[in-house]
Amino acid sequence: EKFNMSEIAIQDRVQVEYLDAILSLTLNTPANGNLIDAEMGATIIRALSTIDDRVRLVCFRGAGADFCAGRVSPTPPPGASAPSGERLRQMVALPALALYDAIKAVPVPTLAIVQGRAIGVGTALAAVCDLTLAAEDAQFQIPEMERDIPPTLVMAALCDRVPLKSLAYLVLSRRAWSGREAQAGGLVSVTCASEALQAEAKTLISSMVACSPAALRACKQYLTHAPGMNPVAASAFAGHLMGTALSARQ
């Protein structure tokens, strides 16, 4: 079953809203900092799979004070029998990787609007988007190594999004970055005062949705594929996308 583009679909813990060519996905468990679990991730993946030609932008938000303070642990509690390595891969790794891959595969630009904490998975969700707008006092952190857990899933989401020096520092130091520090480190596109965040988001969103779907999708395709091409192929791809987008305007 697909979400109906003419209505607002409210999930218990993820709000999914289609309005004015924008798909908005809001993590909606503010009492716990919008911790995300596998079911919430599946809801997001399902919503992303319904995007049609009318959608021009996907926005990610968190309700309340935080964007996303992390992940509800899918691992057994202390003292429980340890699952096999394959079972842990299925429980822990695959849902997170599927979510990151689904966001990267969205055919239109994606925007994360970040306030408060973006911890672990929250940092990954924020940075895996094409654009990340954050409050200057937002908090980005990858703390898993404090529990001697290598955060390779988060690293997989970020390794093609941020400089490796920044990623290594975040992972190995476990230090929290403010929004301004995250911008300097390449994790965030732009920051603003926390009280101006929603106004800045509205301005940015308005500028993007004023463009045609064809132009926006061409930009997204180039950002996705050109970095892995040799210069000659990248130039040819640029010409192809330009011609296709212009012909769609006729």
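Which residues are buried in H3?

## Helix H3

In this predicted model, the buried residues of H3 are Val121, Gly122, Thr123, Ala124, Leu125, Ala126, Ala127 and Val128. Helix H3 runs over residues 121-128 and is mostly covered, with eight of its eight residues buried.

## Overall architecture

The protein contains nine helices and 10 strands. Its radius of gyration is 18 Å, close to the 18 Å that the globule rule gives for 250 residues, so the protein is as compact as a globular protein of that length. The C-alpha trace spans about 65 × 45 × 40 Å along the principal axes of the protein.

Of the 250 residues in the protein, 44% are buried. Among contacts between residues at least 6 apart in sequence, 67% join residues at least 24 apart.

## Cysteines

A search of the whole structure finds zero disulfides. For Cys219, the nearest cysteine sulfur is that of Cys211, at 7.5 Å, and Cys219 is in no disulfide. A disulfide would require the two sulfur atoms to lie within 2.5 Å. Cys219 has a relative accessible area of 48% and is therefore partly exposed.

Cys68 provides a second case. The closest cysteine sulfur to that of Cys68 belongs to Cys129 and is 12 Å away, which is too far for a bond. With a relative accessibility of 0%, Cys68 counts as buried.

## Ile205 in helix H7

Ile205 is placed in helix H7, which covers residues 197-209. Is this residue, Ile205, buried or exposed? Ile205 is buried, because its relative accessible area is 8% and the cut-off for burial is under 20%.

Leaving aside residues up to four places away in sequence, Ile205 touches Ile22, Leu57, Cys59, Arg61, Leu111 and Ile113. A further relation concerns Ala233: Ile205 and Ala233 are 28 residues apart in sequence, and their C-alpha atoms are 31 Å apart in space.

Note on methods. Residues numbered from 1 in each chain as written. Predicted model: local features only at pLDDT ≥ 70, side-chain atom pairs only at ≥ 80, totals over all residues. Heavy atoms only, no water. Helix = DSSP H or I, 4+ residues; strand = E, 2+ residues; numbered from the N terminus. Rg over C-alpha atoms; globule rule 2.2 N^0.38 Å. Buried < 20%, exposed > 50% of the residue type's maximum accessible area, 1.4 Å probe, protein only. Contact = heavy atoms within 4.5 Å.
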